Every structure is written in structure tokens, then in C-alpha cells.
Amino acid sequence: MTDSYHDLEQALRALRPTAPGLAVTARLAAELDAPASRSGVVIAWSAGLAAAAATLAAFAFLAGAGEPEAPTYQLVHAERSRPEVQLFRPVELADGSYARPVRVRWEDTTRWEDARTQTRLIDYRPNDQLGFLSLETH
Amino acid sequence: MHDAHSSQDWRAWFARNGAWLRLIACQWARSEADADDVLQEAFVRFWKHQRHLPGNPNALVVTSIRRSGLDLLRRSDRRALREKVVGDDQETVTWFEPESDPRLAALAESLKLLPAEQREIVVLKVWGDLTFDEIGEQLSISPNTAASRWRYSMQALRRNIIARTHD
């Protein structure tokens, strides 16, 4: 059924989507370079401050050629997402009691803007924690 | 947790896929800066949360972009109400590189005229390389509905291009 549109699909594929700008590429590179750590079943992401510093450095580098002053960011938005709760099947713990593992994920996002250079800085911190809800058995 | 893509160079992956990912972000953006923000936020979320998961990373990144796009719309709507912004700001977002071939240029313009629900199917199928099953999962619709929307969008694009050709 879709074969009759093959020519149109090929023509669409010939269009070249615009690539992301240098600024977003630099910001992503800074994020990917930021260290993250894992510990046991509780996962804690620690990229926040390092990423923010690296991102600021990237902005300063990109703006440096023609802009002698570094951007001055103002906090314009802070948001905590609705937590996603995932319940798992009950498990038996080492002491013989039972508990239900629960995983909670949420994100903290702050957004900073510099009006003069019209640049933005997003500090994004995903949180992912695993805990146990004790179950009473009779 | 096992990392299904432990050998993946995500910088290189982004360099290969960034353009079409940005195109998807553009569907939700009213400015270049918004598109960049959506893309950055979504890719970072994917990279930190989901890059180790098995399966097609395209679909996971698309999910993340849609989520960031929805968040942006919620924020933008509040901002627009506050600032009483009017007009179709989407015109200011560049989706494609300029085309010297007038037929391709017409096609790019026609794509923008499609209803959002059809346009999204086209973008996900053509540039995201997602199947109708995967698109259905993304949009919470059946694969048959995704395929129907695809056919409607192709018919609309063809009509529009023929009309432009005869103008």
C-alpha cells in the first residue's frame, strides 16, 4: 500500500534536515564529558555541577571571540517532574522478612538565561533511586 | 545493569543523527533556541537514563524528545499567555537546508502545511526510520492508524505539490 508513495518518500529523504548548531553541540559535549557515578542498586547521577561548569566554559569559549564579558545568568525557571514510581514483585530479604522493591525516578531542571547574549543554560539532574517497602506477612 | 551499547561512541552517534533529531525537536519548537533546548534536554536525559537499554536507540531518543517537547509547550503556553505573544512563530524555525531544486523546496514547504499529527508520522518514518509499529508505540496509536495517517499525509503532499506546480 505504501509502495505507491515510494517516489515521494525518496524525495523526502533527499531533503537535508538542518544540523544542530555549534552551541548545542558544545553543550552536549560538556554534558557527555561530565563524570557520573553508580553505587550498588541506588543510582546517583553526579553530573550536575560539573556539567554546569563545563557548559558555562563552553558558552564562554563560544562567546569569547567577540564578547569580552562573560554571560551573567539569571535563574528563570525551576521544575521538579512528577515522580515515576515502579513497583516490583516482593522479595525475601536476608533476615527472612519480605519487602517490595520500588524504583522512583524524577528530574530536577533549572533554567538560566542571560538577556544580553540571549543564551540559556539548562541544569538537568535526573534522579533514580531504588528502595524497599516492608511487607508484613501473617 | 548491563549496558547494551557499551561500545557505542555517543558523540559520533549524535554527529550522525543530530540533524534528524533536531528536525523532530522542531515539531515542538517555536524558535531555533527552543529546538536546541528540546534537543539538548532530551538527548542528555536519554544518555544519562537510557543509553544502556537494549533495542533501537532511535526510538528511545524520540520518546525523550517528545517528552521534552511537551514540557516546552507547557512552559511556552504559560509564557505566551503572560507576554501575549501572537503570530505563527514556527515560521522562524529552519527545518531543512536550502534546496536549489524547486520541487524539493516545494516539498519542504508542503511538509510544514500538513496537520501536526500527519507531519509527525512523516518525520518519524522518513528521518527516524521507525516502523509503523514503533511509531504506534511512540504516539499511543495503533500501527494501522499510523499507516493511515502516513497515506493521508502522502496524498496531501502530492496534492499540494501538484497544485504548486500548476500555479
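**Contacts in chain A.** I looked up contacts first, counting two residues as in contact if their C-beta atoms, placed from the backbone, lie within 7 Å. Of the contacts in chain A with a separation of 6 or more, 54% are between residues 24 or more positions apart. I note that this is a predicted model, where local features need pLDDT of at least 70, side-chain atom pairs count only at pLDDT 80 or more, and totals for chains, interfaces and linings use all residues. Residues are numbered from 1 along each chain as its sequence is written, while chains are lettered from A and ligands numbered from 1 in the order in which they are written.

**Elements of chain A.** I listed three helices and seven strands in chain A. Helices (H or I, at least four residues) and strands (E, at least two) are DSSP runs, numbered from the N terminus. From that end, the order reads α-α-β-β-α-β-β-β-β-β.

**Burial.** I call a residue buried if 20 or more other C-beta atoms lie within 10 Å of its own, exposed if 12 or fewer, and partly exposed in between. Chain A has 138 residues, and 17% of them are buried.

**Where the chains touch.** I found 31 residues from chain A and 37 residues from chain B in the contact. On the chain A side, α1 (6–14), α2 (22–33) and β7 (119–135) each supply at least two residues. α2(A) gives the most, with seven residues.

**Helix against helix.** I then checked α2(A) against α2(B). They pack at an angle of about 20°, and their axes are 10 Å apart. Axes are lines fitted to C-alpha atoms, for helices over the stretch in contact, and angles run from 0 to 180 degrees between N-to-C directions. α2(A) is therefore roughly parallel to α2(B), a label for angles under 35 degrees. Residues of α2(A) that meet α2(B) include A:Ala23, A:Leu28 and A:Leu32. Among those they face in α2(B) are B:Leu39, B:Phe43 and B:Trp47.

**Helix α2 of chain B.** I read this helix as residues 32–49, 18 residues in length. From first C-alpha to last, α2(B) reaches 26 Å, close to the 26 Å expected at 1.5 Å a residue. The expected span is 1.5 Å times one less than the number of residues. α2(B) is mostly covered, with 15 of its 18 residues buried.

**One residue, B:Glu120.** Is B:Glu120 buried or exposed? B:Glu120 is buried, because 23 other C-beta atoms lie within 10 Å. I place B:Glu120 in helix α5 (residues 116–126) of chain B. B:Trp150 is 30 residues from B:Glu120 in sequence, and 9.3 Å from it in space, C-alpha to C-alpha.

Key. Angles under 35 degrees count as roughly parallel, over 145 as roughly antiparallel, 65 to 115 as roughly perpendicular and the rest as oblique.
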